[in-house]
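Dear colleague,

I am handing over the structure we spoke about, and below it I have written down what was found in it. Please read the notes with the model open beside you.

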Amino acid sequence: MPLLFEAGPKIQVEEFRLLRDLINKFCGIYFADDSMFIVERRLRERLSSLGLTDFTQYYHHLRYHPEARAELERAVDVLTTNETYFFREDYQLRAFCDEVLPRLKQEREASKRLALWSAGCSTGEEVYTLAMLVVHTGLFDGWDVRIFGNDISRRVLGTARRATYGASSFRAMLPEYQRYFVDTPQGRQVHPSIRALCHFGHLNLLDGSRAAIVGRVDAIFCRNVLIYFDLESRRRVIDTFYERLVPGGYLFLGHSESLLNASTAFELVHLSTDLVYRRPAAGLGKRGGTR
Amino acid sequence: MMPAELDQALRDPDAEVRRRAVIELARSATADVTTPVVTALGDEDWRVRKEAVRVAVTLAERAGLVPALVAAICQGNNVGLRNSALEALGELGRLSTEPLLEALDSARPEARKFILAALGDTRDPRAVPALVASTRGDDANEATAAIDALARIGGSDAEAALRECLKSSGPFQRMGAIDALVRLGTVVPWDELSPLLADRLLRRVALPLLGRTGRPEAATALVDALAEPSAHVVAVAALALAKIQESSPACRDVIAQRMRATSPHERARLVERLEDGDLPTRQAVVDLLLLARDSRALEGLAELAAQNAFPPGAVDALRAWGDEVVESLISVHLGLHGSARGAALEMAADMAAAAPNPSRAVVESVRAALRTALDDPETSIQLAAARSMSLWAEGEDAKRLVALTQRGELEVAAACGEALSLLMVRHPEAVARAVDGVALEGAAGVALAPVVARVGGPKALEALQTALSAGDPETRKAAVEALASVGDRAAAELIEFALADESFGVQSVAARALGRFRDSQGRPVGTDALLLALASDSPAVQAAAARALGEAGDGRAVEPLRELVRAGDPGVAVAAMEALRALHDPTLADVLVEALGHADDEVVKQSLRAIRETDHPRTEARLSVGLEHAAWHVRVVAARLLGEIGGEAARAALEARLEVEKDDLVSAAIREALDADALVRGDA
């Protein structure tokens, strides 16, 4: 199917809204009205794969088919941009490395346990980046280090677990971290010592109760994920992050994202190259709500 | 928390303690909440203030907080308190309007602008007359605040007042009015805008308004603005140019001509916006650079293509560029990453294919690039090449494509299969040789089954029959689909067997295929098997069988289908309803009334459609029930169907609903229906 001149079913406004609402309810992602054309183009391949001829049939499939849930995941997969790369937004990673990790080292010395969560990890580059940063500091040798990555797409999780990447994943690669990769015929693979620290799971961020499998974490990276969510879903996810973070734990959002209008539960921490959020360490000692 | 504890917590030095105390405040039995809420609204910590706003909004009506909030915006000591109170009053909307209007007359001059701002935040049209009056006052600050407030309320009275302000002698008022009209999306005629353009500051603010005029003079002014030093202005001008091009081909010609004459410096400034612009800006910039035939547009275009976000005019601009653009795209793709690289390659292939007479060099260059890309280790590049091969493959590529189906991912294999199917038209022998003896398993099986079916003959039937026994259900599904396209009796029997497959997915596909299947006399086959499938344990199979029976037109299906409408799973009920409509069941009416009350929206929609097709004296009344349904999309369907029927009863129902309808799509559907009704009656 040619890219420039492709033809296929046209989505009607009602179909768009029905599909948009269904997807929003499923995973929190919200498509504004001006995304209709993009949604149409991206979902056409799903219609074609399922042998469906219009978007109403696809809506019915997502509502009634026994495999509707799996298809919803596929729809979300094609509708979202999953492309990421190692050391993305490195100014933030520098702040994490130079200022947050030393603090965490001090604060968690007694337990010698460090847990990080990359929420919406896509193909896994961020999870492995965090693992490389932790190892490279040398601060946590002998500690129990765990980095958890989740995504709603099983396809991207498959790629993450394979840990083998093409050139596009290395567009912002830093030379001193090259040693954490090994060359394979399929591409460059993350070194087993780094992979051993990383764990992946299939998790819908809206499913707050299931997020308990992540356990309590010291920092969460959720960058360029919440921008796709509507306000209500964003609040739900942020509540989950609050629950999962230990008191004093850090939340890293994308450079254009903030908690303004979404939550007052986190305090702002000024680092030398970035502003990050932190679950307050102090307080009444019992939960008073996150908003 | 007891009142005393709460009071103490609200004064605690720790901001987190105070924030939680504010949350408690909303739940507490404290008699006087005004003082603590106002104190919290003026807290030094933003998190406490933000929480206090939420609490103030929750308690305002019950605790009579609005006067205290109005007083808070009029005080001049605590800016945090004022801003929080403004936010709360805005969220309270109409509840704030009257107290604010009352306070406006008696307020100190320095407080009046905050009251005007708060009136704007209420978005209450009742505030418009007072705001319009304030735009005419002597105090520029107050007039500007009123203009800004009008922009937040909108409406025809506000817009008229704002256009009047364009003639004002005050530069701040004019600038504020332009900005307000931009925000409201107002179309201001060129004649009203052109006098403002002599002032450089006003011109910069007015760029979006120029983009709405559809006038070539405005297009020229917008291209001139691309030379402005501010990156923001360049981005705004680019967006306005995108807008004006959409509305006027004459403007597009003017812009194309002017863009080809722009300086390298101006284009470089546009290229910078590809780095930092949002999606609409990048689309607009790419479009302009394409018109300038600047090859840097192609990288940006490839990035946008990878996100399925082509600028609207991109294809025309590429076409106008000619053969040269193909080589440029091929060259550009080598420097890109991921799906953008694939998109550049695919665009090169598409453009060369669309060219009326591409040169031999271009053709060879495209084929060479595609063949190399088929062997690329990155899936996105393989996919792009495989998709383009549907236009460019030659006989010698058949084996290469078949080989890729066997090592590529599902999506790549599918694209190869499609390319091979199309290649069959030009080089059937080459394709037949390439697929001969290939095992139909996994991704290759899914991709090649339809190709094998097109090759035809006893060997093909044998291969597809073997594929029906493949371990992978996806291959078996593909084999069933392929057999349906073979179309002979033996194929039909094989598909009937597939109705007993252990996978419900394969059974569903088989049912669908049988619904379409006709023997050499055009008669449906397999209806007995489909009737049995209606009793399947799987709703998906039941639904597929129901639809297939509807297509087959077998009257024996009516009774079991009616039962499924009543008792089936919602998805099955929808399918059964569709089938009954296709079968023109004359006794459907009684089932439909019952189905109108079904808990599932889609069942209700189907029943409305079926009611429309019945010849019942109470059709309008029954359809009107749908206008009151809780789901907006059910109301849309009901409105359309009533519009189709027309007549006084339908019109009355539509008009009554329009009075109270809140959903924009439903309102639009009702208006269209009323127009259609008018046409039916010859009123138009």
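In chain B of this predicted model, helix α2 (residues 15–27) of chain B packs against helix α4 (residues 46–63) of chain B at an angle of about 10°, and their axes are 9 Å apart. Because angles under 35 degrees count as roughly parallel, α2(B) is described as roughly parallel to α4(B). On the side of α2(B), the residues in this contact include Arg18(B), Arg19(B), Val22(B) and Ile23(B), while α4(B) brings, among others, Val48(B), Glu51(B), Val55(B) and Leu59(B). Sorted by class, the contact of α2(B) with α4(B) holds nine nonpolar and seven charged residues, with no polar ones.

One of the pairs to look up is Arg126(B) with Glu98(B), where the closest N and O atoms are 3.3 Å apart. Since Arg126(B) lies in the loop between α8 (109–122) and α9 (128–135) of chain B, and Glu98(B) lies in helix α7 (residues 94–106) of chain B, this pair ties together parts that are 28 residues apart in sequence.

How many residues does each chain bring to the contact between chain B and chain A? Chain B gives 56 residues and chain A gives 44 residues. The area buried between chain B and chain A is about 4,300 Å², and carbon and sulfur atoms give 54% of that area. Within chain B, the residues that lose the most area to chain A are Arg20(B), Trp46(B) and Asn308(B), which together make up 16% of what that side buries.

Across this interface of chain B and chain A, the rule finds four salt bridges, and there is a salt bridge between the side chains of Asp600(B) and Arg63(A), at 2.6 Å from N to O. Between chain B and chain A, 15 residue pairs are counted in polar contact. Helix α23 (residues 338–354) of chain B supplies eight residues, the largest share of the side of chain B that touches chain A, and by class that side has 21 nonpolar, nine polar and 26 charged residues.

With best wishes

Definitions and conventions: Residues numbered from 1 in each chain as written. Chains lettered and ligands numbered in written order. Predicted model: local features only at pLDDT ≥ 70, side-chain atom pairs only at ≥ 80, totals over all residues. Heavy atoms only, no water. Contact = heavy atoms within 4.5 Å. Buried area = accessible area lost by both parts, 1.4 Å probe. Polar contact = N/O pair within 3.5 Å; in protein donor to acceptor, adjacent residues only side chain to side chain. Helix = DSSP H or I, 4+ residues; strand = E, 2+ residues; numbered from the N terminus. Nonpolar A, V, L, I, M, F, W, Y, C, P; charged D, E, K, R; others polar. Axes fitted to C-alpha atoms, helices over the stretch in contact; angles between N-to-C directions. Parallel < 35°, antiparallel > 145°, perpendicular 65-115°, else oblique.
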